[in-house]
Amino acid sequence: MIALPLVALTALTALTALLAAAGVAPAAETVPTRQQQALLRAAETVPLVEQVRSEDPLRRRQRLHALGLSPADVKTSYFVLDSPLVRAESDQYLAVRFNHGQHAARSGDCSRCHHRRPEADMPYSPNPETVRCSACHQASFNPDFPERPGLRGAYHQACIPCHQQERLGPQTCNDCHRPRVPDHKELVRLPDKPDALQVTAECRRCHEAQAEAVRHSVHWRWRGPSPYTADHSNAVAHGKGSTALNNY
């Protein structure tokens, strides 16, 4: 870090204040963050690898070891496991954030995930032995390569069995993914200053199953003593399941 004299710091502070007062924002950071870099990589669609080298898993592991490949060679340690190929078929969940470096260090065996090598080097890959999953796995079913699962299937087939075997890490949908919640500003149709009944009706337009579930839950059918009901009665017959009005 460069140590600036106090006069220079004072001048810099004053200049920043003047720019802010004039409505001029300082120059934005041009270097993308790690998250932005991961999202840019996830948005890419690379050419399909058509020919891969057929190797026995043990032979491949030994060859990578002989080449000196190890977790120390990992160039990119963080990925977002998203792709236009996946979202074209299903968009219910947010993408998984994947710590590539941590997984490589724990496994110590690159061939455990990078189980095939393209016959020809890929110009977009820093190492032809460890191309990204989406280079070989793309559409869910490709009649030219029926033996290959799609990208989403390849992710699940690589992750879940390993987590089960190691008894470590997430194994269910909600353990890995957060549901993708749409922007309701573009979905909800309500007048200005809607009343409670209008809000409920609009919610039920899409969430009818959830509304029916609430109607059969304790939130809708409760009854029992409550000092805050009419006349401060403790009668167990009083409640939404009997005498109270469900007006929303």
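Is arginine 167 buried or exposed? Arginine 167 counts as exposed because its relative accessibility is 75%, where exposed means over 50% relative accessible area, buried means under 20%, and partly exposed lies in between (1.4 Å probe, protein chains only). This report places that residue and several others in their setting.

**Basis of the model**

The structure is a predicted model, in which local features need pLDDT of at least 70 and side-chain atom pairs count only at pLDDT 80 or more, while totals for chains, interfaces and linings use all residues. Residues are numbered from 1 along each chain as its sequence is written, and side-chain values use heavy atoms, with hydrogens and water left out.

The pLDDT is the predictor's confidence in each residue, from 0 to 100. The chain has a mean pLDDT of 81, and 78% of its residues reach 70 or more. Over residues 1-15 the pLDDT is below 50, and this stretch has two contacts in the model beyond near neighbours in sequence; a contact means heavy atoms within 4.5 Å. Where pLDDT is low, the predicted coordinates should not be read in detail.

**Overall architecture**

The chain contains ten helices and four strands. These are DSSP runs numbered from the N terminus, a helix being H or I with at least four residues and a strand being E with at least two. Read along the sequence, the elements follow the pattern α-α-β-α-β-α-β-α-β-α-α-α-α-α. Of the 248 residues in the chain, 20% are buried. Among contacts between residues at least 6 apart in sequence, 54% join residues at least 24 apart. The accessible surface of the chain comes to about 18,200 Å², and 58% of that surface belongs to carbon and sulfur atoms; such areas come from the Shrake-Rupley method with a 1.4 Å probe, and for residues only the protein chains shown count as cover.

**Helix H5 and the loop that follows**

At the start of H5, a side-chain oxygen of asparagine 99 reaches to within 3.4 Å of the backbone nitrogen of glycine 101. Just after H5, glycine 108 takes a positive phi of about 70 degrees. Serine 111 is placed in the loop between helix H5 (100-107) and strand S4 (117-118). Serine 111 counts as buried because its relative accessibility is 10%. Its side chain is joined to that of aspartate 109 by a polar contact of 2.7 Å. A polar contact is a pair of N or O atoms within 3.5 Å; within protein, one must be able to donate a hydrogen and the other to accept it, and residues adjacent in sequence count only if both atoms are side-chain atoms. Apart from neighbours within four places in sequence, serine 111 is in contact with Arg60, Arg61 and Leu64.

**Salt bridges**

Side chains of opposite charge can pair when their charged atoms come close. A salt bridge is a side-chain nitrogen of Lys or Arg within 4 Å of a carboxyl oxygen of Asp or Glu, and the structure holds 14 of them.

| Salt bridge | Closest N and O atoms |
|---|---|
| Arginine 117 and aspartate 121 | 2.9 Å |
| Glutamate 129 and arginine 117 | 2.9 Å |
| Arginine 205 and glutamate 202 | 2.5 Å |

Glu55, Arg60, Arg63, Arg117, Asp121 and Glu129 are linked in a network of salt bridges.

Arginine 205 and glutamate 202 are separated by about one helical turn because they are three residues apart in helix H8. Arginine 205 is partly exposed, with a relative accessible area of 38%, whereas glutamate 202 is buried at 12%.

**Loops around H7**

Arginine 167 lies in the loop between helix H6 (151-166) and H7. Although arginine 167 is not a glycine, it has a positive phi of about 55 degrees. Lysine 193, found in the loop between H7 and H8, is another residue other than glycine with a positive phi, near 50 degrees. Lysine 193 counts as exposed, at 83% relative accessibility.

Leucine 187 lies in the loop between helix H7 (173-176) and helix H8 (196-206). At 39% relative accessibility, leucine 187 counts as partly exposed. Leu187, Val188, Leu190 and Val199 make a nonpolar surface patch of about 270 Å². Patches are made of residues with over 30% relative accessible area and no salt bridge, like charges being joined within 9 Å and nonpolar side chains (Val, Leu, Ile, Met, Phe, Trp, Tyr) within 5 Å.
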